[in-house]
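Colleague: I'm new to reading protein models. Could you walk me through a few features?

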Amino acid sequence: MSFIDHGKKQLRGNIREYGMYIALFVIVVGFSIATDGVFISSRNIVNLVNQTGYIAVLAVGMTLVIVIRHIDLSVGYLSGFLGAVAAIAMVSWDLPVSATIPLVLGLGILAGLLSGFLVAKMEIPAFVATLAGWLGYRGALQLSTRGTGTIIIPDDAFNAIGNGFVPDIPGIGILPGVHHLTLILGFLGIVLFLVSEINARRKLQGYESEILPMEMFILKLVFVTALVGGITWILAGYQGLSWTAVVVLIVIIVYQFITTKTVLGRHIYAVGGNPEAAELSGISVKRLTYAVFGSMGMLSALSGILFASRLRSATTTAGQLFELDAIAAAFVGGVSAAGGVGKVVGSLIGAFVMSSLSSGMNLMGMDISYQYIVRATVLAAAVIFDVATRKRE
Amino acid sequence: MGRSVTIPVCPLWIRGFVTAPITPIFLTAEKGISMNSVAVGTAVVELRNINKSFGAVQALRGVDLVLRHNEVLGLVGDNAAGKSTLMKVLSGAYIPEEGDIFIEGKKTHFASPMDARRQGIEMVYQDFALANNLDVAANVFLGREAVRTQLGPIAVMDNRRMEVEAQKLLNRLKIDISSVRLKVERLSGGQRQAVAIARATAFDAKVIIMDEPTAALSVAAIGKVLDLVRELKALGSSIIIISHRLEDIYRVSDRMIVLRHGLKVSDTPVEGDIHEFRERVVAYIVGARDDFGGRAAADKRQEA
């Protein structure tokens with residue numbers, strides 16, 4: 001089989017996964033050309049990352065919720081409400097940031113467990129239970145901001161989460177004007193990726209017939225290395241890694257680890273694939289439902305913190321429509337509504353696809369009405385593509 | 001279940017057997033050699049006087065059942081005869097109102113399927129009960145994953161070990177699946193049933209119960225599943241198999257129990273040629289014969 005045939009076969013076999021990366025690639029290149037390179041500028045990319053952060057963490061949690069065949073509509077206003085709670089805690093209760101953040105995350109977990117209770121214990125459909133949450137948290141957000149309107153957050157440390165950058169290692173003479181720590185982290189990331197890929201391949205060769213042919217494998221490594229290297233270089237050329245990017249990276253690494261390497265993750269996918277079989281195997285579907293909604297609540301809180309920090313304030317409309325952006329990101333990222341299928345990294349890419357579209361269209365000065373229609377088309381196309389490739393299997 | 005509610009004197013599927021028997025050459029061979037070993041075997045499971053009702057319907061009325069070591073026991077009966085109910089009692093899904101369960105001579109009580117599973121009773125469900133989105137190895141170890149490290153509440157899986165063990169298991173049972181990394185949704189019906197059975201045998205089960213293991217399969221796949229049952233017996237397992245297909249029972253079982261209306265009507269070795277066997281079983285199923293008639297009549301008098 002020739003190189004190209006292998007490529008075709010590989011593409012066909014993994015079209016669902018690669019489709020997303022190709023879409024992101026096309027969007028980035030397309031907008032970069034259309035905006036004469038403004039889109040790909042360091043400044044815009046950093047902005048894009050910080051803007052996507054609070055949706056991306058929601059999309060990660062939403063992935064697991066959809067994998068176990070549920071949905072959570074309450075996350076947007078929950079995130080807005082908890083952002084307001086964070087602001088009030090710091091402004092009115094004089095709590096330090098170090099106490100505010102754990103408090104808000106804890107409240108998020110409690111709110112998530114409440115949804116989990118309604119769904120798992122009371123057996124209310126998640127759509128209805130979390131719709132009630134949507135209404136409730138919206139009310140709570142308005143109540144908590146009614147007296148003051150927008151609450152300005154004066155704390156610099158808190159505001160750095162959404163606006164600040166990781167400080168560079170001082171005293172390095174080479175490459176002035178470039179963020180060294182970012183370069184080092186990016187380099188380490190690439191090395192880690194290469195080592196784990198090569199190890200995985202060696203392991204596979206031991207007892208598996210079907211592995212990627214050598215040329216394709218190298219192509220994949222080169223592609224990912226170039227991608228990560230490129231992003232690292234762009235970020236390092238500006239002010240380096242933003243704190244938001246660090247938070248998102250940590251969330252992604254933790255959730256990727258849990259979903260692929262742990263018993264908990266395996267059980268989440270088993271419940272999504274066949275709840276009856278999971279139950280018969282001794283897996284408690286109820287406990288898992290609590291865990292998944294609890295994690296969703298915690299990530300909603302994190303999203304609220306990121307957003308409030310980015311705006312340096314809590315507003316009366318914070319969190320509006322976040323839930324729909326997160327759900328859209330998950331579906332664009334290859335999560336299946338039927339349950340059991342979807343990766344957290346996919347949802348992250350999905351979130352970036354959607355926000356790149358917005359960012360690019362904004363830079364081009366496109367009418368907001370058309371922007372919505374374009375995004376609608378992309379969402380529908382992604383799901384149609386997903387369903388079509390699934391059927392063909 | 002529930003294929004027909006009002007059953008004619010002789011249901012269609014049985015009539016099919018009687019009027020148009022398929023007799024491959026190997027089926028006409030006399031059985032009997034294996035019977036000796038069964039007679040010496042000790043009981044691995046004993047159910048005594050099991051009673052279970054659902055509202056006004058008495059599904060089981062004082063059924064006794066003995067399964068010996070390394071024996072394949074066929075469980076036969078019409079729809080609603082109580083076969084599945086009896087097996088759900090044994091696998092912990094139902095709790096009987098009356099009656100005792102003995103595992104290797106020790107009296108036990110099952111509160112849940114997990115309870116039964118811990119004591120070595122494994123059930124293979126009719127609809128396979130597999131997670132189709134996971135691979136073969138993940139399904140074999142579902143709910144019993146091998147753990148490499150425990151980080152507080154988070155248990156990290158030992159995927160490599162599970163894959164190696166799953167592959168060994170498939171090899172031992174001579175199950176033909178190219179890779180344990182294949183997702184179950186890509187397997188054929190017969191392969192899925194094989195995975196379900198392999199999964200039941202993965203953890204030193206004392207007893208494997210199979211509920212209609214061949215009902216949803218093609219003819220070729222049925223042959224493979226029956227081969228697998230024989231392989232399990234050769235490896236020392238004790239098996240109870242529920243089936244509507246008398247031919248399957250004949251091909252793999254040492255002994256057979258027939259239930260009718262929640263009562264045991266026959267408990268006999270599987271022997272003779274297939275025609276004679278089929279006619280005899282059908283007679284029990286439709287109620288023309290009853291080896292335990294005396295007791296059943298006595299029970300009825302007691303109820304009245």
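Modeller: Let's begin with a word: contact means heavy atoms within 4.5 Å. In chain A, residues 24 or more positions apart account for 78% of the contacts with a separation of 6 or more. Before we go on, this is a predicted model, where local features need pLDDT of at least 70, side-chain atom pairs count only at pLDDT 80 or more, and totals for chains, interfaces and linings use all residues. Residues are numbered from 1 along each chain as its sequence is written, chains are lettered from A and ligands numbered from 1 in the order in which they are written, and side-chain values use heavy atoms, with hydrogens and water left out.

Colleague: How many helices and strands does the secondary structure of chain A come to?

Modeller: Helices (H or I, at least four residues) and strands (E, at least two) are DSSP runs, numbered from the N terminus. Chain A has 16 helices and 2 strands.

Colleague: Is Thr262(A) buried or exposed?

Modeller: Buried means under 20% relative accessible area, exposed over 50%, and partly exposed in between (1.4 Å probe, protein chains only). Thr262(A) counts as buried because its relative accessibility is 0%. You'll find Thr262(A) in the loop between α10 (243-261) and α11 (263-273) of chain A. Leaving aside neighbours within four places in sequence, Thr262(A) touches Phe257(A), Ile154(B), Ala155(B), Val156(B) and Met157(B).

Colleague: And Phe187(A), buried or exposed?

Modeller: Phe187(A) counts as exposed, because its relative accessibility is 55%. Phe187(A) sits in helix α8 (residues 180-207) of chain A. Across chain A, 48% of the 393 residues count as buried.

Colleague: Which residue of β8(B) is the bridge partner of Thr149(B)?

Modeller: Two strands pair if DSSP finds at least two bridges between them. Here β7 (residues 147-151) and β8 (residues 154-157) of chain B pair in the antiparallel sense over 4 bridges. The partner of Thr149(B) is Val156(B). Their hairpin has 2 residues between the strands, and Gly152(B) takes a positive phi near 60°.

Colleague: How do I look for empty space?

Modeller: Rolling a probe the size of a water molecule over the atoms shows where empty space is left. On a 1 Å grid over the protein atoms alone, a pocket is an open set of points where a 1.4 Å probe fits, with protein on both sides within 12 Å along at least five of seven lines; lining residues have an atom within 4 Å of a point. The second largest pocket is lined by 29 residues, with Asp325(A), Met354(A), Ser355(A), Ser358(A) and Arg375(A) nearest its centre.
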